[in-house]
Amino acid sequence: MNTSEIRQQINQYLDQLSPDRLLLAAELLASLAEKDRQDKIRHQGQIRAEFVSSIQGKYAHLPNSSEQFARSKQEEIVK
């Protein structure tokens, strides 16, 4: 069943619902849409983390500017 057919079937079901059940269906759909949005954000975060990790692995031997700055400040404190 393709997306268009699924939407058509859902609309048929919605047409048969009482106003109270229609409101419940709307709340359920809103909840599902929010879950999908959160899953998409989580997935994008995982992809970004994997990308950053791959770059860090490739250049792990090089200090970044914040590491260098923190190290120099710590050395100043110790002196």
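The accessible surface of the protein, from the Shrake-Rupley method with a 1.4 Å probe, is about 7500 Å², and carbon and sulfur atoms account for 56% of that area. This is a predicted model, in which local features need pLDDT of at least 70 and side-chain atom pairs count only at pLDDT 80 or more, while totals for chains, interfaces and linings use all residues. Residues are numbered from 1 along each chain as its sequence is written, and side-chain values use heavy atoms, with hydrogens and water left out.

The protein has three helices and zero strands, in the order α-α-α along the sequence. Helices here are DSSP runs of H or I with at least four residues, and strands are runs of E with at least two, numbered from the N terminus. The radius of gyration is 26 Å, well over the 12 Å that the globule rule gives for 79 residues, so the protein is more spread out than a compact globule. That radius is taken over C-alpha atoms, and the rule is 2.2 Å times the number of residues to the power 0.38.

| Overall property | Value |
|---|---|
| C-alpha trace along principal axes | about 80 × 30 × 10 Å |
| Buried share of the 79 residues | 1% |

Buried means under 20% relative accessible area, exposed over 50%, and partly exposed in between (1.4 Å probe, protein chains only). Alanine 30, found in helix α2 (residues 19–58), counts as partly exposed because its relative accessibility is 47%. The C-alpha atoms of alanine 30 and leucine 62 are separated by 47 Å, with the two residues 32 residues apart along the chain.
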